[in-house]
Amino acid sequence: MLDMTHRTLQLLAHLQTGRRFSGEELAARLDISPRTLRRDVERLREYGYPVTTRPGPSGFYQLSAGRTLPPLMLDDDEVVATLAGLALIGSTTAPDPFADSRGGIGTAADRAYGKIDQFLPKRLRPRVTAFRATVEAAPQPAPEVEADVLAILGSVSARHELVTFAYTSRTGDTTTRRVEPYRQVHFHLRWYLLAWDLGRADWRTFRLDRISGISPTGTPFTPRPLPARSAAAYLREEVSAGRHQAVVIIDAPPAVVGDALRFQDFDVVPLPGDRSRVTAWVDSFEWFALNLLPIGADFRIEEPAEFRDRCGELASRLERAAR
């Protein structure tokens, strides 16, 4: 016999066809007793699904029509996670406060955050109301990305369909690109597309806020293997290109290190004795050293030698300034 959660979902799947089912038919399909079926129907009603029942020899079960979206089957933790995610996305704001962001993903998340409770079971709505009334997410300025851009690129990527668009570089030059889209990646408050650029015959990443005039071609392509273990890993390597890599051992646990370096691009690995190995990609060794000092723990530079030299020079300047 199916477990209760699976069985309830199976029952819901049958009822969402819109047809009427006799109790005997549903019980046989789910391999349960009529008594268990009645309990499962009551459970669906508690979740907010309007199941109509007619008793007697010609009786039936049917899901009432008129709902554009039935209540979501989420448990308590999933509801909190969903609301927290919407709050974080909704906190992203366009750098230009006067920009028209009605179609932006942040604005859409903010709207969804305010209305999701109507799609939840009644028992969860008080919890949603309490969460929304007591949680705030600080605004995070980020380039605005239209929700349609994410949706269209997601569709053509899933269908393995060539797409063309206009792309504006950081210098303001606009070119037309024809690409094989693969993945959309969120990295450092920016949305990127990883694609194979047919015109350049190479992998490229494109900022979604610089893409316009998207046009699916209807032409399929054969997917290529990704150029790294994941699109996020490839993007990180590309963004880090030309930056300095530094590796240090810090006499502090990863939680403390991560909090102090939260605005840096780094990886942290725990070591025995509440220590951490940090690999960071930085524009300036001196700036990174100054970010390590507030941790209040000793650290040892593993590599590169240039980082050690720069820290020695910085220490000499600080000592002279102190005298």
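Q: Hi! Which residue does R43 meet in a salt bridge?
A: Hello! The side chain of R43 meets that of D40, at 2.6 Å from N to O. One thing to keep in mind as we go: this is a predicted model.

Q: Got it. Where do R43 and D40 lie?
A: Both are in helix α3, which covers residues 34-46. They sit 3 residues apart, about one turn of the helix.

Q: And are R43 and D40 buried or exposed?
A: R43 is buried, and D40 is buried too.

Q: Why does E161 count as buried?
A: Because its relative accessibility is 10%, and buried means under 20%. R159 is partly exposed, since its relative accessible area is 49%.

Q: What about the pair D202 and R204, what joins them?
A: Their side chains meet in a salt bridge, with 3.2 Å between N and O. D202 counts as partly exposed because its relative accessible area is 34%. R204 is partly exposed as well, at 27% relative accessibility.

Q: Which residues are linked in a network of salt bridges?
A: R236, R243, D265, D267 and D283 are linked that way.

Q: Let's switch to sheets. What is the order of the strands in the sheet of 5 strands?
A: The order is β8-β7-β6-β5-β9. The sheet is open, and its pairing is antiparallel.

Q: Why is one side of β8 and of β9 left without a neighbour?
A: Because β8 (202-207) and β9 (211-220) stand at the edges, and each has a single partner strand. From one strand to the next, the twist averages 45 degrees.

Q: How many bridges join β5 to β6?
A: There are 6, between β5 (residues 161-168) and β6 (residues 174-187), and these strands run antiparallel. As an example, the bridge partner of T164 in β6 is R178.

Q: Which helix lies across β5 and β6?
A: Helix α7, residues 147-159. It also lies across β7 (190-197) and β9, and it runs at about 90 degrees to β6.

Q: Okay, now the sheet of 4 strands. Which order do they take?
A: They go β11-β12-β10-β13, forming an open sheet with antiparallel pairing. The edge strands are β11 (265-271) and β13 (299-303), each of which pairs on one side only. Neighbouring strands are turned by 25 degrees against each other on average, direction ignored.

Q: Which helix packs on that sheet and touches β10, β12 and β13?
A: That is α10, residues 285-292, and its direction makes about 25 degrees with that of β10.

Q: How is β10 held to its partners, I mean how many bridges go to β12?
A: 7 bridges join β10 to β12, while 4 bridges join β10 (residues 244-250) to β13. I249 stands opposite R277 in β12, and the bridge partner of I249 in β13 is R300.

Q: Is β10 mostly covered or mostly open?
A: Mostly covered: 5 of its 7 residues are buried.

Q: What does F307 touch, away from its sequence neighbours?
A: Leaving aside residues within four places in sequence, F307 is in contact with A246, V248, F285, F288, A289, L292 and I301.

Conventions. Residues numbered from 1 in each chain as written. Predicted model: local features only at pLDDT ≥ 70, side-chain atom pairs only at ≥ 80, totals over all residues. Heavy atoms only, no water. Pairing = 2+ DSSP bridges. Helix = DSSP H or I, 4+ residues; strand = E, 2+ residues; numbered from the N terminus. Axes fitted to C-alpha atoms, helices over the stretch in contact; angles between N-to-C directions. Contact = heavy atoms within 4.5 Å. Salt bridge = Lys/Arg side-chain N within 4 Å of Asp/Glu carboxyl O. Buried < 20%, exposed > 50% of the residue type's maximum accessible area, 1.4 Å probe, protein only.
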